[in-house]
Amino acid sequence: MLENFSLRTIVEYLPLFGQGLVTTVWLSVLSFAGALAVGIVLAAMNLQRGWLFRVPAKAYIDAVRATPLLAQLYFLYFGLPRLGIILPELVVGILALSLNSGAYVAEIIRAGILSIPRGQVEAGVASGMTYVQRMRLVILPQAFKVTIPPLLGQAIVLVKDSALLSLIAVAELTRAGQLLASDRFMPAEGFITIAAFYLLLYYGLKGLAALSGRWLGLAGART
Amino acid sequence: MIWQQLQSLAGSYPLALRGLGMTVMLSLVSLVLGTLIGFGLGILRTGGNRLISSVIGAWVDLIRGTPFLVQIFLIFFILPELGIELDAFTAGIIALTNLAACFICEIVVAGIRSVPTGQVEAALASGLSRWHRMRQVVLPQAMRIVLPPLVGQYVLLIKDSSVVSAIGLTDLTRVGWLVVQRVPNGLLVFFLVGLGYFIVCYPLIMLARRLEQRMGAAHGEVQL
């Protein structure tokens, strides 16, 4: 039973949890930046008329969406050394999260751009704007607005997904809980504490998403 | 070298089949249970009882706010401390069913809320009972909103089932992990593992897309 739930051990291990939390936060920030970069490139490729860029981008997005992140993570973790690329676990993890989330970000950006009514583009053409001007001055500023809430939703998913990196021994938050569970045989203390920390991050990001929806004047923006 | 590896891989096909069977089993059982419970929770949450709906809302938020891996560990390691003995398979089913039910609850709530109030009022005026209002008026109309994300949720569920390999269940991902210890070619092994998931998930993704287009088109909305 849980009557000997030990708050003292949790306090004792707090520095470890703190380190894990910090690691989870910054590796998520880095991965999200990577995902944005990957997503922008994929979305741009996917919106081309010609098949040369569109088909590979689509294939990549579908392949990522139809396979589990854990299999992708192991693919890189066990596969990269095979190609002679030896990277620290942490880097492999960030790479996997970026490449995985990038596919979802690409779809969000594409949906944002396609949500701009055709009339806007036509007005741009009629005003004699070039393609780049239309993109930069008409489409992207409007698309930017609608993509923010779903992008924050993806950030929430990414933070939660980062827990899987504990399975390749990255010392992040979940790993800290596992250590407490295995060193002291205190799984309840370990996993309940990290669950609380993840909830903290979740409510923070969720609040941010709600706020951003209000700032941007999007009615009924929910994540 | 590669020939030897291929032979060794071919030798582990019974293991791969077992893993695939486990993945299908886990997904199927939790998909059916999760859908039933999810619909029940969704209907209860829109039912008008404040207490019930806020308890469900809080639980759904707890599940949506924590990583699935942590949920599995909590169930697998803590339920036994509460005196509930369970094996890894049961723990996996409980975790997956709970996850699916929570996400499906949200989908169902959104669907029910999308039905115009006039419809419910008309049903009330016609003297339909609560059960008949739900079954014959609200749910059929809500399904238009519910169906595409529901299929999408099934894809997520199948993918999330890979995480239960962390508590030692021999599913498809775990088989990859076992095989790669003997056949040191991670690219090939996990390409095949990925292919296994892709074959199941990709048709479902296409179906979700088709449904989304059809449901939109059937009601005269503009398609892009």
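Which residues of chain B does UniProt place in the feature "transmembrane region"? The unreviewed UniProt entry gives residues 20–44, 56–79, 91–116 and 187–205 of chain B. With that as a starting point, let us walk through this predicted model.

## Two of the annotated spans

Two of these stretches can be described in the model itself.

## How confident is the model?

For the model as a whole, ipTM is 0.90 and pTM is 0.90. Chain A has an average pLDDT of 90, with 96% of its residues scoring at least 70. Within chain A, the lowest confidence falls in helix α1 (residues 7–12), with a mean of 84, while helix α4 (residues 69–79) has the highest, at 96.

Chain B has a mean pLDDT of 90, and 96% of its residues reach 70 or more. Over residues 220–224 of chain B, though, the pLDDT is below 50, and this stretch has five contacts in the model beyond near neighbours in sequence. Where pLDDT is low, the predicted coordinates should not be read in detail.

## The build of chain A

Chain A contains nine helices and zero strands, so its pattern along the sequence reads α-α-α-α-α-α-α-α-α. Its C-alpha atoms fill a box of roughly 75 × 45 × 25 Å along the principal axes.

Of the 223 residues of chain A, 40% count as buried. Among contacts in chain A between residues at least 6 apart in sequence, 75% join residues at least 24 apart.

## Helix α4 of chain A

Helix α4(A) is largely enclosed by the rest of the structure, because eleven of its eleven residues are buried. Among them are Leu69(A), Gln72(A), Tyr74(A), Phe75(A), Tyr77(A) and Gly79(A).

## A helix pair in chain B

Back in chain B, how do helices α6(B) and α7(B) lie relative to each other, parallel or antiparallel? The axes of α6 (residues 117–125) and α7 (residues 130–160) of chain B come within 10 Å and cross at roughly 160°. Angles over 145 degrees count as roughly antiparallel, and α6(B) and α7(B) are therefore roughly antiparallel to each other.

Their crossing is right-handed. On the α6(B) side, the contact is made by Gln119(B), Val120(B) and Ala123(B); α7(B) contributes Arg133(B), Val137(B), Val138(B) and Gln141(B).

Definitions and conventions:
Residues are numbered from 1 along each chain as its sequence is written. Chains are lettered from A and ligands numbered from 1 in the order in which they are written. This is a predicted model: local features need pLDDT of at least 70, side-chain atom pairs count only at pLDDT 80 or more; totals for chains, interfaces and linings use all residues. UniProt positions are given in the numbering used here, feature names are shortened, and annotations may be inferred rather than shown by experiment. pLDDT is the predictor's confidence in each residue, from 0 to 100. Helices (H or I, at least four residues) and strands (E, at least two) are DSSP runs, numbered from the N terminus. A residue is buried if 20 or more other C-beta atoms lie within 10 Å of its own, exposed if 12 or fewer, and partly exposed in between; C-beta atoms are placed from the backbone. Two residues are in contact if their C-beta atoms, placed from the backbone, lie within 7 Å. Axes are lines fitted to C-alpha atoms, for helices over the stretch in contact, and angles run from 0 to 180 degrees between N-to-C directions. Angles under 35 degrees count as roughly parallel, over 145 as roughly antiparallel, 65 to 115 as roughly perpendicular and the rest as oblique. A crossing is left-handed if the near helix is turned anticlockwise from the far one by less than a right angle, and right-handed if clockwise.
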